[in-house]
Amino acid sequence: AQYSWGFGTKAPGPSGSITESEAERELIGYLETHCYPLLRGLNLTKNQVTALASLCYNIGPGGIEGSQLYAYLQLGNYEAAAGEFDKWVTAGGKRLQGLVNRRAKEKQIFLAN
């Protein structure tokens, strides 16, 4: 079986495939290096961190760090931050239903107690 640590991300290595446990380690390593540092010190709930880690993985840490969503998080305005999830639903200038669905789920998790 071929596993990747994200849809559209080719697995590392000459064979282009990795095991499921290797894929999980790669994903966790990416989140720990690139996403979680942005979220530390923001007084977030576990659900908020989960939703934001998913968003960060998908749009990249640079997309989060310079965003209005991040500014709202820094202010502790979580309701306004939740509204920002709906802004990342396009790719290549086109609105994609898959991204609409993903953002809706991330927002739902972000708002869950």
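Is the link of Cys35 and Cys56 left-handed or right-handed? Select both residues: with -85 degrees about the S-S bond, the link is left-handed.

This model is predicted, so to speak of local features a pLDDT of at least 70 is needed, side-chain atom pairs count only at pLDDT 80 or more, and totals for chains, interfaces and linings use all residues. Residues are numbered from 1 along each chain as its sequence is written, and side-chain values use heavy atoms, with hydrogens and water left out.

Stay on the cysteines. A disulfide (a pair of cysteine sulfur atoms within 2.5 Å) joins Cys35 to Cys56, with 2.2 Å from S to S. One disulfide is found in a search of the whole structure. Cys35 lies in helix α1 and Cys56 in helix α2, so the pair ties together parts 21 residues apart in sequence. Helices are DSSP runs of H or I, at least four residues, numbered from the N terminus. Both cysteines are buried, meaning under 20% relative accessible area with a 1.4 Å probe, protein chains only.

Next, select Leu52, Leu69, Leu73, Phe85 and Phe110. These have the most contacts inside the largest nonpolar core, which has 22 residues. Such a core is a set of buried Ala, Val, Leu, Ile, Met, Phe, Trp, Tyr and Cys residues joined through side-chain atoms within 4.5 Å. Helices α1 (20–39), α2 (46–59), α4 (68–75) and α5 (78–83) each supply at least two of its residues; α2 gives the most, with six.

Now centre on Leu69. Leaving aside residues up to four places away in sequence, Leu69 touches Leu52, Leu55, Ala81, Glu84, Phe85 and Trp88 (contact: heavy atoms within 4.5 Å).

Methods. Buried < 20%, exposed > 50% of the residue type's maximum accessible area, 1.4 Å probe, protein only.
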